[in-house]
Amino acid sequence: MSSNVRPESMERITTEALANAFIDEQVKELRAQIGDKKVLLALSGGVDSSVVAALLIKAVGQQLVCVHVNHGLLRKGEPEQVVEVFRNQMNANLIYVDAVDRFLDKLAGVAEPEKKRKIIGAEFIRVFEEEARKLDGIEFLAQGTIYPDILESDGVKAHHNVGGLPEDLKFELVEPVKLLFKDEVRVVGKALGLPDSMVYRQPFPGPGLGVRCLGAITRDRLEAVRESDAILREEFRKNGLEGKVWQYFTAVPDFRSVGVKDGKRTFAYPVIIRAVNTKDAMTATVENVPFELLQHITDRITKEVENVNRVLFDLTPKPSATIEWE
Ligand code: XMP
């Protein structure tokens, strides 16, 4: 599949049968393209790269080398899930890189949002490049490019590729889902046996929790973002909001306020809850989360998350706000 244009005759993949037909065809094409060579994939654990990994495992098994870079900005449990699903369950050839200290050191003291994004992107390429150089015989680079990436940016989005690799590491590209829309990628992922928590997950920005730990990232606030986000997701799941609300997360600003705990004065961070619905992320409305649920989540976050003494709910649609805070 080399053309970047989706043929008009291509049927929308909406059922397991159609997904299976797509998978069979791709497996044949991937085997023909890759032969007995090795293919490298940056596996974030997001829907697109996970589906590409599962397709390639089916097509070429151990010839696929997945690299999962843990940059410390992933949600709670995500790196563990990548290792569990791909290495333990699917027997993938997976290199897990713990780059947490490296990223956090590079980001120390950097408060400007776009500068943070640049550092995260550039460091990611550097870590991936180092891993690629350790490997012999790689000829292909797989990417989770999807059709909207081609339509929207005349190419691939930064978070879907490792463009920026030096010339001598320009591998031939393998992009098996590049003509699929997101909903189709999910149907294919489901047919490939990936867990629902991976296939149906909400959008998550490439720079991860880095854009939700506002201002210069510190470890204490990063943990507050991660832990409060985990509580929010757990409560939304338990209360039937998972899959209903388009995107929901927490952010932690870089200021503290006065509070009280166990009769003692505290000086700690607030957690901001954001829950929005949108079709295309260009505009968004705020989900009407039941007040009792917000109170329960507030109670849990202030009791269970260290360094936090307040919880706020963001009532602002897009515009005037953006979905993320940075
Ligand atoms: P905003 O905040 O611009 O977000 O209203 C719209 C959608 O894009 C996601 N987002 C990003 N995704 N890299 C990404 O891959 C980024 O730097 C980035 N910034 C925002 C955001 O989560 C929302 O779904």
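Predicted model: local features only at pLDDT ≥ 70, side-chain atom pairs only at ≥ 80, totals over all residues.

User: In which sense do strand β7 and β8 pair, and over how many bridges?

Analyst: Two strands pair if DSSP finds at least two bridges between them; strands are DSSP runs of E, at least two residues, and helices runs of H or I, at least four, numbered from the N terminus. Here β7 (residues 257-261) pairs with β8 in the antiparallel sense over 5 bridges. The two strands form a hairpin with 2 residues between them, and Asp-262 in the turn has a positive phi of about 50°.

User: Which residue of β10 is the bridge partner of Tyr-269?

Analyst: That partner is Val-308. Strand β10 (residues 308-313) pairs with β8 in the parallel sense, over 5 bridges. β6 is joined to β8 by 5 bridges and runs antiparallel to it, with Ala-251 opposite Ile-272 of β8. Strand β9 (residues 285-286) is also antiparallel to β8, with 2 bridges; there Val-276 stands opposite Val-286.

User: Why is strand β8 described as largely enclosed by the rest of the structure?

Analyst: Buried means under 20% relative accessible area, exposed over 50%, and partly exposed in between (1.4 Å probe, protein chains only). Strand β8 (residues 264-277) is largely enclosed because 10 of its 14 residues are buried.

User: How many aromatic pairs does a search of the whole structure find?

Analyst: Rings of Phe, Tyr and Trp (its six-membered ring) pair if their centres lie within 6.5 Å; planes under 30 degrees apart are stacked, over 60 edge-to-face, and the rest tilted. The search of the whole structure finds 3 such pairs. One of them, Tyr-147 with Phe-181, is edge-to-face, at 5.5 Å centre to centre and 85° between the planes. Because Tyr-147 belongs to helix α6 (residues 147-153) and Phe-181 to the loop between β5 (172-174) and α7 (182-191), this pair ties together parts that are 34 residues apart in sequence. Tyr-147 is buried, at 8% relative accessibility, while Phe-181 is partly exposed, at 21%.

User: What are the ring centre distance and plane angle for Phe-236 and Tyr-248?

Analyst: Their centres are 4.6 Å apart and their planes lie at 35°, so the pair is tilted. It links distant parts of the chain, 12 residues apart: Phe-236 lies in helix α9 (residues 219-238) and Tyr-248 in strand β6 (residues 247-251). Both Phe-236 and Tyr-248 are buried.

Notes:
Residues numbered from 1 in each chain as written. Heavy atoms only, no water.
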